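Me: Please take a close look at one part of this model, the surroundings of the ligand and the strands connected with them. I would like the contacts and the exposure of individual residues set out in one account.

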Amino acid sequence: MVDFALSGEQEALRELAHDFAQREIRPVAWEYDRDATFPRALIDRAWEIGLMNLYVPESLGGAGLSYLDGALIEEELSWGCSGVQTSIGCNGLALMPLLLAGTDALKRRYVERFTQEPVLASFCLTEPSAGSDVASMRTRAVRRGAGYVISGSKCFITNGGYADLYTVYAKTDPDAGHRGISCFLVPREAGVLVDGHEDKMGQRASNTATVTFPDVEIPADHLIGEENDGFRLAMMTLDRTRPGVAAMATGIARAAFEFAVAYALERVQFGVPIAAHQAIQFMIADMATEIEAARLLAWKSAVLIDRGERNTLLSSHAKRFAADTAMKVTTDAVQVYGGYGFIKDYPVEKLMRDAKIMQLYEGTAQIQRIVIAREVFEAARGG
Ligand SMILES: Cc1cc2nc3c(=O)[nH]c(=O)nc-3n(C[C@H](O)[C@H](O)[C@H](O)COP(=O)(O)OP(=O)(O)OC[C@H]3O[C@@H](n4cnc5c(N)ncnc54)[C@H](O)[C@@H]3O)c2cc1C
């Protein structure tokens, strides 16, 4: 039976996240956006009240939440500010390969610390010449003595400037395409260099940095999973994090929708609130439907993973649709505000800028469609 009802615990989690977003994130969100302030104090607070490192299992001292629980939290925090949520949620992405394939010893040594203090980790896949085309990465990991030497550079790394730990993808067999990539755990103190902070269109509170590994030596047991299995591990990771990105996009869209509804009731033109004009009503109606659909896709893709089922198709459906919805809804919210929507003193232009990244990171809108088409045709061929 399909049951869309949340449990009492899930309602409480959602309320906790909403309360935090409303009381602590919203009051500073537009200021942090303007000044590109890294939200260190909010990260510490989120950690304190249990809204970080959601998927770390109880055996390692974590909350061991489900992916549906995570989606509920991520929507609320993004409703507050998606740049802040990207900073808070990034550990989920960065620690995932370790949780999925790390040895018990490696998990105990590194993951437990995240439950004891609000430290940060980054996920290092993208390179200047290897974005969507992950297999063309140039970062190398060469076996030397009792360890590996990592050399190369990663760009656009969320929390890169503030992380203590990096999960890094590097070529261990340069001639084997995506089958020659491995995933490593690299502590910052091993000699990682962090360079600069991107000045971004949106999500300006989040830190996006270039991270360089200048012949960084790490012990051999810092390999996560099997050698040359890194691409598969990255894809497994994204299957688990894309439902959360879809939930974040839903949160941005919902925030813009609420502002648009309130403004439509208040703004008078031609002697009536603009909410009385059918053109505005139809925009609001489409927003409401699409947000509802985006949320359901995010939830379904999360629930499949919670049940131990493969969710590659659903997580791409969810991420693609919710990201496009966030872009459309925020653009229409600016339209509802008219000229005021274009002015920074009003809230919706930030949301429109923030929404754009949803169609870019963790696989672009085009890459999601490639995944969806591949899955559809494979199923049609009986594969
Ligand atoms: C704010 C921010 C934070 C990020 N955080 C992280 C992070 O923490 N860790 C990390 O590893 N990366 C991160 N990224 C990188 C992000 O995942 C990449 O930017 C994204 O994967 C796209 O890669 P690219 O920018 O090189 O674009 P490209 O791959 O060069 O794509 C350019 C355009 O071509 C399209 N395209 C490419 N290939 C195809 C194809 N085969 N068919 C059709 N269209 C195609 C794309 O969809 C896009 O529209 C972040 C990026 C940003 C901007």
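Reply: Helices (H or I, at least four residues) and strands (E, at least two) are DSSP runs, numbered from the N terminus. The model is predicted, so local features need pLDDT of at least 70 and side-chain atom pairs pLDDT 80 or more, while totals for chains, interfaces and linings use all residues. Residues are numbered from 1 along each chain as its sequence is written, and side-chain values use heavy atoms, with hydrogens and water left out.

A polar backbone atom of Phe 123 is 2.7 Å from a nitrogen atom of the ligand. At Leu 125, a backbone N or O atom lies 2.9 Å from a ligand oxygen atom. At Phe 156, a backbone N or O atom lies 2.8 Å from a ligand nitrogen atom. On its own the ligand has 960 Å² of accessible area (Shrake-Rupley, 1.4 Å probe), and the protein covers 64% of this.

S1 pairs with strand S4 (residues 165–171) in the parallel sense over 4 bridges, pairing being at least two DSSP bridges. Within this pair, Ala 121 stands opposite Leu 165 in S4.

S3 leads on to strand S7. The two pair in the antiparallel sense over 9 bridges, and Val 149 has Glu 217 in S7 as its bridge partner. S7 also pairs with S6, again in the antiparallel sense, here over 3 bridges. Leu 193 stands opposite Thr 212 in S7.

Thr 210 lies in S7 and is buried, at 18% relative accessibility. Not counting residues up to four places away in sequence, Thr 210 touches (heavy atoms within 4.5 Å) Ser 153, Lys 154, Cys 155, Leu 193, Val 194, Asp 195, Gly 196 and Glu 198.

Gln 203 is not a glycine, yet its phi is positive, about 45 degrees. Gln 203 sits in the loop between strand S6 (193–195) and strand S7 (208–219), and counts as buried because its relative accessibility is 3%. Asp 215, also not a glycine, has a positive phi of about 55 degrees. Asp 215 lies in S7 itself and is exposed, with a relative accessible area of 52%.

For comparison, here are two sites in helices. Glu 75 lies in helix H3 (residues 67–80) and counts as buried at 3% relative accessibility. The side chain of Glu 75 has a polar contact of 2.7 Å with that of Arg 254 and another of 2.8 Å with that of Arg 295. Such a contact is a pair of N or O atoms within 3.5 Å; within protein, one must be able to donate a hydrogen and the other to accept it, and residues adjacent in sequence count only if both atoms are side-chain atoms. Leaving aside neighbours within four places in sequence, Glu 75 is in contact with Ala 247, Thr 250, Gly 251, Arg 254 and Arg 295.

Helix H9 (residues 348–356) is largely enclosed by the rest of the structure, because 7 of its 9 residues are buried. These are Val 348, Glu 349, Lys 350, Leu 351, Arg 353, Asp 354 and Ala 355. Their cover includes helix H1 (8–35), helix H4 (82–101), helix H6 (230–266) and helix H8 (312–337).

Methods:
Buried means under 20% relative accessible area, exposed over 50%, partly exposed in between (1.4 Å probe, protein chains only).
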